[in-house]
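Reader: Hi! Could we walk through this one together, starting with charged pairs?

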Amino acid sequence: MAQSTDKTRKGSAKLNQLVDIEGQVQKKWAKERIFEVDAPQPGSEDAKKDKYMTTFPFPYMNGRLHLGHTFSLSKCEYAMGFNRLLGKRCLWPFGFHCTGMPIKACADKLKREMEDFGYPPQFPDEQPKEEKKEEREEPIIVDKAKGKKSKAAAKAGGLTYQWQIMQSLGLTNEEIKDFADPMHWLSYFPPKAQSDLMRMGLKIDWRRSFITTDVNPFFDSFVKWQFFHFKSRNKVKFGKRYTIYSPKDRQPCMDHDRSVGENVGPQEYTLIKMKAQQPYPKKLSVVGKKPVYLVAATLRPETMYGQTNCWVRPDMSYIAFETNKEEIWVCTARAARNMAYQEYSAKFGVVKKVADLTGQDILGMALSAPLAVNKIIYTLPMMTIKEDKGTGIVTSVPSDSPDDFAALRDLKNKQPMREKFGITDTMVLPFDPVPIIEIPGFGDLAAVTVCEQLGVKSQNDKDKLADAKQQVYLKGFYEGVMTIGPYKGQKVQDAKKPIQKELLSKNEACIYKEPEKLIVSRSGDECVVALCDQWYLDYGEEQWRSMCLKHLESMELYAEETRKNFIATFDWLHEHACSRSYGLGTKLPWDPQYLIESLSDSTIYMSYYTVCHLLQGGSYDGSKGSPLGIKPEELIPEVWDYIFFKDAKKPKSTIPLAKLDQLRLEFQSWYPVDMRASGKDLVPNHLTYYIYNHVAIWPTESDKWPKSVRANGHLLLNSEKMSKSTGNFLTLSEAIAKFSADGMRFCLADAGDGIEDANFVESQAEAVILRLYTYLEWVKEMIANKGTLRTGPADSFNDRVFLSEINKAAAETKGHYERMLYKEALKTGFFEFQASRDKYRELALDGMHVDLVWKFIECQTLILSPICPHLCEHIWGLIGNKLSIMHALWPQSGKVDEILVSSSQYLMDAVHDFRLRRKNIMLPKKNKPAPIKPSHCTIYIAKTYPPWQNTVLTTLRKLHDDKNGLPDNKIIAGQLSKEASLKKYMKKVMPFVQLLKERIAKMGLKALNLTLDFDEEKVLAENLAYIASTLDVEGVKSEWSEKADDKIRDDCTPGQPFIVYRNEPCVNMTFVNPQANNGHFQMTVPIYEGDHPLQIISRMLRQDRGIKDAKRVKLMRYEDVEMGPRRMPVMGQTEEGKVAVEANDAFSIQSEAVMVQTNGKKINVGSQMAYYVN
C-alpha cells in the first residue's frame, strides 16, 4: 500500500463531499439504467446514429484490481464519455478472465501448504532471496514493449507462500481455506471487481458481464465454435514444435501461466559439435569407443572459420551424457536438461548421464572444430563463462570477438597462468586470430583493432570490452563481408543462414533452443524449451500473416511506437501453442484431453459481449438462464454461424428464428470493436492474436476487424514502480477511498499519454481534490449571485477575448479527446480554461457578464465530464438541467478570434513585465532611503523596430527559410557580421538574437514579424483601468516611443512595450457616507491633477470591497465647503446642501486645495466630500 498522505491532509470534509456526490450520482445512473443499451430497431432514429464500442482485456480473477489495471481501462472510460457527447450510441461491456493455470495453480498451492504446514499454516523462517541480476553475452536490441517484471511476480510482492499472498489481500485464515477450491475464486473475485469498478463510475453495461471457462456453458460453447472454425480453416495444426515447457506441469507454459518470464520466448542457437580427439581425459574413459563432442551454443555460425580454441570454465560443473544417436556430448547439466526435451535423448525429458565433470577435467583436450582453419584446437580456461546461458562450452574466434581476443592474449602473455591450469605452450602460442570478415573502418581483424583503439589491456577490462563488443558485433553483422570459404564476398547477414544449413547437413551442428531469460511457471518450475506434440495456431502462415499486416496499416494505433512494436511481433511470431492439459478452461472440441489456453480463448470474445446479455441474463456463469429461453446445448455451430456471419443460412434449430434474429441484430449493430485499450506489454501477444483471430474468423468480412488499439505505458506510483513488497502499491478500492473516484480519475488522466511509463503522484491527487471542490464552490457562488452579474451587451474587449477563449478551449480539447490525449485534454480543457476564467475575472473590473459566466460553466462541465463525470453530473443539475449530462452533447464552439486572443496574451505578458519592473524599482538600495511607491506610469509603445533590429529580424527570417529552420549561433553571427549597418551594434546583436529565439520557442515564427497582427495602442487603451489597478498606481497613460529618449527607443519594440514609473503630487480628500445602516464608512482618498470621478471611485473600491460596481457610486460636493461638513444630516434628506459631481467634471490641485472644473467654472470643494452607494 502506498504511503499515506493522510498526515498532510488537514481535513477530509472536501473529500467526503465529493464522495457523497459520487454515491448520489451513481444511484441516479443505476436507477435510470443509463449505460444499459440494446441494438436499435432498423429504421429507427437511434439506428441512424453512429455507434461506438470499446473494450478492455478482461482482467484475470486471482486478486483485486489495482491502479495499474485502472490506468489502462481509464482510456476506455474517457473515450466512452467523449463519444457519448458526440451523440453516438455507446457500448462498453466488461468480462472477467478465469482461464488458464494461475487460479488452479494457486488453489493447489494452498492445498499443499495446508497439507505440509497445517491449518492455519505455520511456515518456517526463510531468508529473502536476492534477485539475480541477468547479464547478457552479446549486445541485443531492447524491446520496450516488454515489461521487466511479470504480473505474477508483481502481485506476489516478494512473498514466498500463496497463503501469505492471500493474507496480503486482507483475507482471514478462515476465508483463505475456501480458496483451495479453484471454483471459489470464480465466485469471489468477479463481484469484488465489479463493485470496485462501479464505485469508479464506469459507463459499463453490466448485463453483458461473464466469466470464462467451461463453468459458463454459454461461453464454453462460443469458444468451441471459434476453434471448430480454426480447425476447418487449417489455422490450428498438430505437430512437434518448439515451445516453452514446464517439466513439472508436463505441458507448454504460456505467458499467463508464468510467475517469472512473461513475454520471454525461445532463443535459437546453432549447436557446434567439436569432436574430441583420442586419448580422452581419464574421466571420459568410461565411454569406450563412442564419439565424444564438446557442444557449444553460438549465435554466429558464420564465424566458425576463425576458431583458435574452445573455452571452458575450470571450476564449473559439466556432465557427459549419451544422445539418442549414441554420441557422447559434454555441456552443463542445465543445457542437457533442455536438450532432453528436444529429441536429443532416447527418452523424452530423460538425460542419460555417463560422467560428472569439472572444467578442469577437460582442459587441454584436442578438438576437431567444424569449418575451422586450424585443424586441431584445444580447450583453454576462461573464468567469465556463465552457467545460466548456453552450454558452458564456448567457441573462441579472437578475430571478431573482443572477449576471445583479450583472453587468448592474456594466456599467451602469462606463462604462470598457463602453468596453473596445465596448459602447454603448443596449445596456445601457435594460434593467432584468423581474418574471416572485413568490416568497414575495422579491417579484417575487427576485435584486435577495436581492443587496441579502446586500450583494452586484459580480459578484466569489462567496461571497455562491453563497448568493444557493441561496436564489433552490430557493425560486423550489418556491414561485414565474408573473406573466407565458399561465401567469400557475401555480406555476413546473407551468409549466416547458408553456413548454418551447411553445418546442419554435415551433422557438424544441430539446432538448440533455450529460454532467452529465466522462465518460472506458476507451479514454481524452471521452464525449458521442448520439442513436443501440440496443437498450435500457425501464426507464421504467410497468407494469414499478410492479411493481418495489411489490416494493421489501416488501423488507428495512436502512437508510432505501438505500430513498430506490432510489426516487430509479426516478424518473429510463428506458431503459438493453444492447448494445455492443466488448469481451467474450455476443452478442445475434437481432442478433449486438452484445454484451450488463456491467450487463445481471449481473442474474439468481444463479439460474445454483443449477445451474452440475451443468453446469460446478467449472471456471470449463465446459471440464471437465458432471457430468451435459449439453452446452452441449443447453441450448435450453425446457430453461432447465423449470429455472427452475415451470409450464413438459417440453421436447423429449436430456437425460434425471431430470437436468432434478435441475437444477430445485436452483433451486426455493435461490431466491430471501435477501440481496444491495453497496456503495451500485450502488444507482443494478446493484441497481435486479437488481430489474427478476427481475420481468421471473418476472412471475407473486413468490416468486422478491429478498428483501433490504444496501448499505454506502465503506471508508476510516486515516480517508482508499483510493488507490494516495498509498500508502493494501491488497489483500485484504496485509491477511490483516498482520493474519491473523480479525484483518482483526474490524476490518472493527468499521469501521462504516451507509450512511455506514466506517473500517478499522490500529492498531486490531493491537490486535485481541492481543485474540484473549489470549482464546485465557485459554481454555487455564481448561482447564488447570478442577479449581481453584469447584463446587457457582452462586447467589451475582455468579454470578446473570454468568448474566444471558451470557443478555443472547446475546439482544442475536442481534438485531444479524439486523439486520446487525456493529459493534453486536461491541459487545455481544465488548467488553461480555468486560468482563462481567472484572467477574465481579474480583468473585468466592471464585473463578469452573466451570459459568459453561464457559457463557461456549461462548457467546462461538459468537457470535463468524460474524466470527472460525478462532479459534472452534479453541477449539470445545479445549473438547471433536468436530464442527465450523459444525454448532453459536446458544446458547440463558435468562432475563435486568434488575433484577439493573442492580443490578450500580449496584455498579460506586458503587465507581467510591468510588475517585475515595479518590483525592481521598489527594492531598497544600500545606504539609501526606502523608495517611494510610484503613483503614475507611462507606457511607451513602438510602431516599428529600430533599424538595426529590423536588419536582424529580416536576416533571421531569410536564414530560417533557406535552411528550413534557424542554424546555430555561429552561422547566424557570421551572417550578421557581414551587415555594415550592424557594426556599431554588434555587442547588442547576439543578445537580441537569443531573445528572439526564446520568443520563437514561445510564439512560433510570428516572433520574427516586423509588425503586430493587432493594434497595440488600442489594446492598452481598453485596459488602462485594469493596468492601473493591478500595478497599484493612480494613473496610466500610453505614448509612442518616438517621444521618449534614446534608451527607451532601443528597448521598446512592437509587442514589447516599455514602462516608466513616476510620482505626482496629490491632496488627500476625506469622503463620508451619510446613508444610514449600509456598512460604508468614511475613507481618505488621494486626488490627483486631472482626475475624473470614475478614477476617484476606482480608488474607493480598492479600499471598500463591499462596493462591487463603480456605476452604483455617486460623488457629491458641499455647496458650503466650510459649514456643510459640520451639519448633521437629516434622515431622508441627506443630499440637501450638496451638489452631484458629474461624470465629465475634472479635478485639479492648487497648492493644498482641490478644485473641480464643472460647466466651465473652477469650484473649490474643500477638504471633505460625500459619496452614496445605490
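Reader: What does Asp-1091 form a salt bridge with?

Author: Its partner is Arg-1099, and the closest N and O atoms are 2.6 Å apart. A salt bridge here is a side-chain nitrogen of Lys or Arg within 4 Å of a carboxyl oxygen of Asp or Glu. Bear in mind that this is a predicted model: local features need pLDDT of at least 70, side-chain atom pairs count only at pLDDT 80 or more, and totals for chains, interfaces and linings use all residues. Side-chain values use heavy atoms, with hydrogens and water left out, and residues are numbered from 1 along each chain as its sequence is written.

Reader: Is Asp-1091 buried or exposed?

Author: Asp-1091 is buried, with a relative accessible area of 2%. Arg-1099 counts as buried too, at 4%. (Buried means under 20% relative accessible area, exposed over 50%, partly exposed in between, using a 1.4 Å probe and protein chains only.)

Reader: And how many salt bridges are there in the whole structure?

Author: A search finds 75. One of them joins the side chains of Glu-805 and Lys-839 at 2.7 Å, N to O. That pair links distant parts of the chain, with Glu-805 in helix H24 (residues 797-818) and Lys-839 in helix H25 (residues 822-843), 34 residues apart. Helices (H or I, at least four residues) and strands (E, at least two) are DSSP runs, numbered from the N terminus.

Reader: Which charged residue is buried yet has no salt bridge?

Author: That would be Glu-113, in helix H3 (residues 101-117). The nearest side chain of opposite charge, Lys-109, is 6.6 Å away; for this, Lys and Arg count as positive and Asp and Glu as negative, while His and the chain ends are not counted. Leaving aside neighbours within four places in sequence, Glu-113 has contacts (heavy atoms within 4.5 Å) that include Phe-123, Tyr-161 and Trp-163.

Reader: Switching topic: what do E36 and E37 form?

Author: A hairpin with two residues between the strands, where Asn-1159 in the turn has a positive phi of about 55°. E36 (residues 1153-1158) and E37 (residues 1161-1164) pair in the antiparallel sense over four bridges; pairing requires DSSP to find at least two bridges between two strands. Gln-1157 has Lys-1162 as its bridge partner in E37.

Reader: Last one: what pLDDT does the protein chain average?

Author: The average is 92, and 96% of the residues score at least 70. pLDDT is the predictor's confidence in each residue, from 0 to 100. Over residues 127-150 the pLDDT is below 50.
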